[in-house]
Amino acid sequence: MRDCVVLDKNFLQGASGSAVLALARNHKLVMPGALFYELLTTSVEVRQRCFAKLPRTDNPVVLVEHIGVLLSHESATGKPSGKPSGHSIDFRFRFNERLLAEDYELPGEAKAALEEQTTDVESDVRQLIDLTEMTPLLFPGLLVGTTAQQHAARRRAEAAIGQLEQIHKFYSVLQPVLPELRYPVISEKFKKWAFLRWLQVLMLFALDLYVRHQGKLRDALTPRLLERLEHDVHDAQILAMGVLEGAIATREKKLLQWWPLLCPGGRIHGAKT
């Protein structure tokens, strides 16, 4: 039985078609909702290039929903979601060949679903901004002292975020940022909980944003930066899904950097050598 690997847009866009097909021969390719959304909202050229690399077969990928579906599952059942591939959308399909056409337009129903997901992405961006502003409360001293001291403080913060036991403590005390969800009680099997993995990944992105913008992210918000934050949210979903699955295909620098911290021993494909 082939193992599953979560796909990232950066990998699909940058890898050769033969490399993608080679990965598909030996693994099941998992396409999270975040990636599908990115492919449908990117430029025509990138959409054509990415879909052209996927196998022209029935069920060329394992389709899974976005991270919110895993959170809802955990909220409703009180049990960890485990691997995203265990929550796949189960039906036979082929990607529409029209996705390769320059003049392709989504049908009305798909446009409505895309607009709904856009609202979800905007909510996730606000959540990320809020978490960025909480970063100095969780990790004081990030912007204090010499450059070397600040780098050391950031490394200590990243190391703390890499410990799921520490994330569980944060989870237990942080005010819920998704009020529509019932936060489940988590006491074991930390690695399998989407709630913990999602918070862990978001905290890494929030830490990076806090340091990069010197604690003034909200003051720096522009349409261009908001677009960048939307990409960060997609990357965060892909990373969280990959960590839960235990395997990812990416060339994204930050994801490559954080993967060993979040998933030591996990499989990573597509990194340039």
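**View 1. Histidine 27 and its contacts.** Leaving aside neighbours within four places in sequence, histidine 27 is in contact with Arg2, Asp3, Val5, Arg267 and His269, where contact means heavy atoms within 4.5 Å. This is a predicted model, in which local features need pLDDT of at least 70 and side-chain atom pairs count only at pLDDT 80 or more, while totals for chains, interfaces and linings use all residues. Residues are numbered from 1 along each chain as its sequence is written, and side-chain values use heavy atoms, with hydrogens and water left out. Histidine 27 has its place in strand β2, residues 27–31; helices (H or I, at least four residues) and strands (E, at least two) are DSSP runs, numbered from the N terminus. Because its relative accessibility is 14%, histidine 27 counts as buried, a word used for under 20% relative accessible area, with exposed for over 50% and partly exposed in between (1.4 Å probe, protein chains only).

View 2. Six aromatic pairs are found in a search of the whole structure; rings of Phe, Tyr and Trp (its six-membered ring) pair if their centres lie within 6.5 Å, and planes under 30 degrees apart count as stacked, over 60 as edge-to-face and the rest as tilted. One of the pairs is that of tyrosine 171 and tyrosine 183, which is stacked because the ring centres are 5.7 Å apart and the planes are at 25°. This pair links distant parts of the chain, since tyrosine 171 is in helix α8 (residues 164–173) and tyrosine 183, 12 residues apart from it, is in the loop between α8 and α9 (194–212). Tyrosine 171 counts as buried at 10% relative accessibility, whereas tyrosine 183, at 23%, counts as partly exposed. Tyrosine 171 also forms an edge-to-face pair with phenylalanine 195, with 6.0 Å from centre to centre and 65° between the planes. Tyrosine 171 lies in helix α8 and phenylalanine 195 in helix α9, so this pair ties together parts that are 24 residues apart in sequence. Phenylalanine 195 counts as buried, at 4% relative accessibility, and ring pairs link Tyr171, Tyr183 and Phe195 into a cluster.

**View 3. Helices α5 and α9.** Two packed helices are described by the angle between their axes and the distance between the axes. Helix α5 (residues 67–77) and α9 pack at an angle of about 140°, with their axes 9 Å apart; the axes are lines fitted to C-alpha atoms, for helices over the stretch in contact, and angles run from 0 to 180 degrees between N-to-C directions. That angle makes α5 oblique to α9, given that angles under 35 degrees count as roughly parallel, over 145 as roughly antiparallel, 65 to 115 as roughly perpendicular and the rest as oblique. In this contact, Ile67, Leu70, Leu71, Glu74 and Ser75 of α5 meet Ala194, Phe195 and Trp198 of α9.

**View 4. Leucine 209 in helix α9.** Leucine 209 has its place in helix α9 and is buried, with a relative accessible area of 1%. The C-alpha atoms of leucine 209 and aspartate 232 are separated by 9.9 Å, and the two residues are 23 residues apart along the chain.
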